[in-house]
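Reader: Hi! Could you walk me through this structure, one question at a time?

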Amino acid sequence: MVREDNDSRHGMWSSRLAFVLAATGSAVGLGNIWRFPYVTAESGGGAFVLIYLFCVVVVGLPIMLAEIIMGRRGRQSPINTLRLLTKESHASGWWTLIGWSGMLVGFMILSFYSVIAGWTLSYTTTYVEVIVTGAEGIGDPQAIFGSLLGNPWKLLGWHTLFMALTAAIVAMGVEKGLERSVRILMPLLFTLLLVLVGYGMTTGYFDDALVYLFKPDFSRITPAVLLDAMGQAFFSLSLGMAAIMAYGAYLPRNIPAGSTAMTIGLADSGVALVAGLAIFPIAIANDLTTGGGGVGFTFTTLPYAFNSMSFGQFFGLAFFGLLAVAAWTSAISLMEPPVAYLVERTRLSRFQAAIVVAIAVWLLGIGTVLSFNAWSDYKLFDRNFQENMEFIASNVLLPLGGLAIAIFAGWVLSKADTRDELHEMKAATYGIWRFLVRYVSPILVFLVFLSAIGVLNLNSESDLAMPAETESAATEETVMEDSAE
Ligand code: TRP
């Protein structure tokens, strides 16, 4: 059925660029700037990067395209979009669960995302203070980080501020809030990133970082690394919880969805790689390993490096400012679907809906705040409250959501409908998309899901921590490759 364009009642993006900036703002977040470099380091650099990029193209982009065209066909919040599309396709109402699960996951991710984003706000202000007072550095990063995490009131304060900032943008609406904010924040983000890479180039270790990121060591690749790369691609592109679907609802029909999705994917991976090129030279120059894991690396190791660098306080400010901005534009996209839904279903104004959602997320976030202090010993399945939220959201519900979205777009929506949405695509490109979304993505995502819930048990820590020697000795090819070198 060829569809006429109609505007979403929530507003519309004013241009293709506006949508690209908003969706890129959603995708580029804490996941790109601290998780990507750290996971890359643990998984052996270049080979991981290669597989990650493969996953972005083969699994991520097809599902992103599916979310965009589903959103654009429905023109409503994800739940009501799915309600409409299932009705049109005479499919089971159960598919609406994609929207409900997405809303739930959005709440869960946002609740801990906000607390961690609060840390970036805290560090940003610390660096401003250092610069204003002319102090040498920020002091002992380990002690600073420890005293931040140990103090629930501090954490709660920053969490509250971050939620307020996020709700304020969402409350102002699609054009005046979302679009206007990304038009300012995304150029700022790119500028900060370039400043950091520029600095990285002057450390004299830029080449080492390049080799590290792009020279593949295939002996480090295990099934666990493969699946890790896939999970990273998923989370980084904001897929699986209908956030991109919500943004797709505001996309005018005359804008080609295919090339637009490509641009967003490219920008997201580009930022991850460039962030790696900014961080690794600094880390190598200061002889710092990424050992301590994601959280520790970003909030303690890098500040140590900044302390010992000339103008380090300015780069500290640029780095944590960058993280804060990236987290902010991602949080906005996590909040939009439930706010749009409340506006559709209740008499609440967008402003009131944003406050209601913010309060609910804020309350849930208290669990994360306490996970780092008062509740740190309360564990279920060996994970504290925050870790359980993150596990259930990212490792269980996101992959399931992505799987369902791929199946919906590939098998439930008719070929005529998806072809209508993607009419500007060449027949061959459309054919590839449909094949990927019907067969390849669901199967690969299903494998990720199995690994995430531990059925395949490939993701165990011990597997990742295995020294490179042991791994390469395990296969004959790599032994031969080693001796040939
Ligand atoms: N993509 C963001 C990051 O890399 C996080 C994020 C924002 C997200 N919205 C999302 C993840 C929706 C999954 C689903 O940090």
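This is a predicted model: local features need pLDDT of at least 70, side-chain atom pairs count only at pLDDT 80 or more; totals for chains, interfaces and linings use all residues.

Reader: Is Phe 435 buried, partly exposed or exposed?

Author: Phe 435 sits in helix H18. Buried would need under 20% relative accessible area and exposed over 50%. Phe 435 has a relative accessible area of 46%, so the answer is partly exposed.

Reader: Which helix gives the most to the nonpolar patch?

Author: The patch covers about 510 Å² of surface and is made by Trp 411, Phe 435, Tyr 439, Ile 443 and Leu 447. With 4 residues, the main contributor is the helix spanning residues 427-452, namely H18.

Reader: Now the ligand: how much of its accessible area does the protein cover?

Author: Around the ligand there are 15 residues, with Ala 27, Gly 31, Tyr 113, Phe 235 and Ser 238 coming nearest. A polar backbone atom of Gly 31 is 2.8 Å from a ligand oxygen, and a polar side-chain atom of Asn 32 lies 3.2 Å from an oxygen atom of the ligand. On the nitrogen side, an N or O atom in the side chain of Ser 333 is 3.4 Å from a ligand nitrogen. Of the 360 Å² that the ligand has on its own, the protein covers 100%.

Reader: Is Ala 242 buried or exposed?

Author: Ala 242 is in the loop between helix H10 (223-236) and helix H11 (243-248). Its phi is positive, about 70 degrees, although Ala 242 is not a glycine. With a relative accessible area of 0%, Ala 242 is buried.

Notes. Residues are numbered from 1 along each chain as its sequence is written. Side-chain values use heavy atoms; hydrogens and water are left out. Patches are made of residues with over 30% relative accessible area and no salt bridge: like charges are joined within 9 Å, nonpolar side chains (Val, Leu, Ile, Met, Phe, Trp, Tyr) within 5 Å. Accessible areas come from the Shrake-Rupley method with a 1.4 Å probe; for residues, only the protein chains shown count as cover. A salt bridge is a side-chain nitrogen of Lys or Arg within 4 Å of a carboxyl oxygen of Asp or Glu. Helices (H or I, at least four residues) and strands (E, at least two) are DSSP runs, numbered from the N terminus. Buried means under 20% relative accessible area, exposed over 50%, partly exposed in between (1.4 Å probe, protein chains only). A residue is near a molecule or strand if one of its heavy atoms lies within 4 Å of it. A polar contact is a pair of N or O atoms within 3.5 Å; within protein, one must be able to donate a hydrogen and the other to accept it, and residues adjacent in sequence count only if both atoms are side-chain atoms.
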